[in-house]
Amino acid sequence: KSLPEIVEDKKSGFLIEPKNAIDLQRAMEEFNEENYAEMSKKASQYYLDNFQVNLVMAKVMKDIKDIL
């Protein structure tokens, strides 16, 4: 699937099985101006909550400490 660790299906985007034309068609039919704004907002918030450098570094440091 396309970036399942980043995209929440039908919330911040659409997950599509590789080489699945039916999934692609479904996503294209469901995506519209009405849900674009909400999906963009949720995707941006997810990024801010999970992928800022300080957050990622804190997670990496915790994992290193757990290993040691």
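**Helix packing and an aromatic cluster**

Leu48, Asp49 and Asn50 in H2 meet Leu55, Val56 and Lys59 in H3. The model discussed here is predicted.

Me: At what angle do H2 and H3 pack?
Reply: The angle is about 45 degrees, and the axes of H2 and H3 lie 6 Å apart.

Me: How far apart are the end C-alpha atoms of H2, and what span should its residues give?
Reply: Helix H2 covers residues 33-50, which is 18 residues, and at 1.5 Å a residue it should span 26 Å. Its end C-alpha atoms are 26 Å apart, in agreement with that expectation.

Me: Which residue caps the N-terminal end of H2?
Reply: The cap is Asn32, with a side-chain oxygen 2.9 Å from the backbone nitrogen of Glu34.

Me: New topic: how many aromatic pairs are there?
Reply: Four aromatic pairs turn up when the whole structure is searched. One of them joins Phe14 and Phe31 edge-to-face, at 6.3 Å centre to centre and with 85 degrees between the planes.

Me: Where do Phe14 and Phe31 sit in the chain?
Reply: Phe14 belongs to the segment before helix H1 (21-30), while Phe31 is in the loop between H1 and H2. The two are 17 residues apart, and their pair links distant parts of the chain.

Me: Which residues do ring pairs link into a cluster?
Reply: The cluster consists of Phe14, Phe31 and Tyr36.

Me: Is Phe14 buried or exposed?
Reply: Phe14 counts as buried, because its relative accessibility is 14% and the limit for buried is under 20%. Phe31, at 42% relative accessibility, counts as partly exposed.

Me: Back to H3: how far is Asp63 from Phe14?
Reply: Asp63 is found in helix H3, residues 53-67. From Phe14, Asp63 is 49 residues away in sequence and 30 Å away in space, C-alpha to C-alpha. At 45% relative accessibility, Asp63 is classed as partly exposed.

Me: And Ser12, what does its side chain reach?
Reply: The side chain of Ser12 reaches the backbone nitrogen of Glu8 at 2.9 Å. Ser12 lies in the segment before H1, and its relative accessibility of 12% makes it buried.

Me: Which residues is Ser12 in contact with, leaving aside neighbours within four places in sequence?
Reply: Ser12 is then in contact with Ile6, Val7, Met39, Lys42 and Ala43.

Methods: Residues numbered from 1 in each chain as written. Predicted model: local features only at pLDDT ≥ 70, side-chain atom pairs only at ≥ 80, totals over all residues. Heavy atoms only, no water. Helix = DSSP H or I, 4+ residues; strand = E, 2+ residues; numbered from the N terminus. Expected span 1.5 Å × (residues − 1). Polar contact = N/O pair within 3.5 Å; in protein donor to acceptor, adjacent residues only side chain to side chain. Phe/Tyr/Trp six-rings, centres within 6.5 Å; stacked < 30°, edge-to-face > 60°. Buried < 20%, exposed > 50% of the residue type's maximum accessible area, 1.4 Å probe, protein only. Axes fitted to C-alpha atoms, helices over the stretch in contact; angles between N-to-C directions. Contact = heavy atoms within 4.5 Å.
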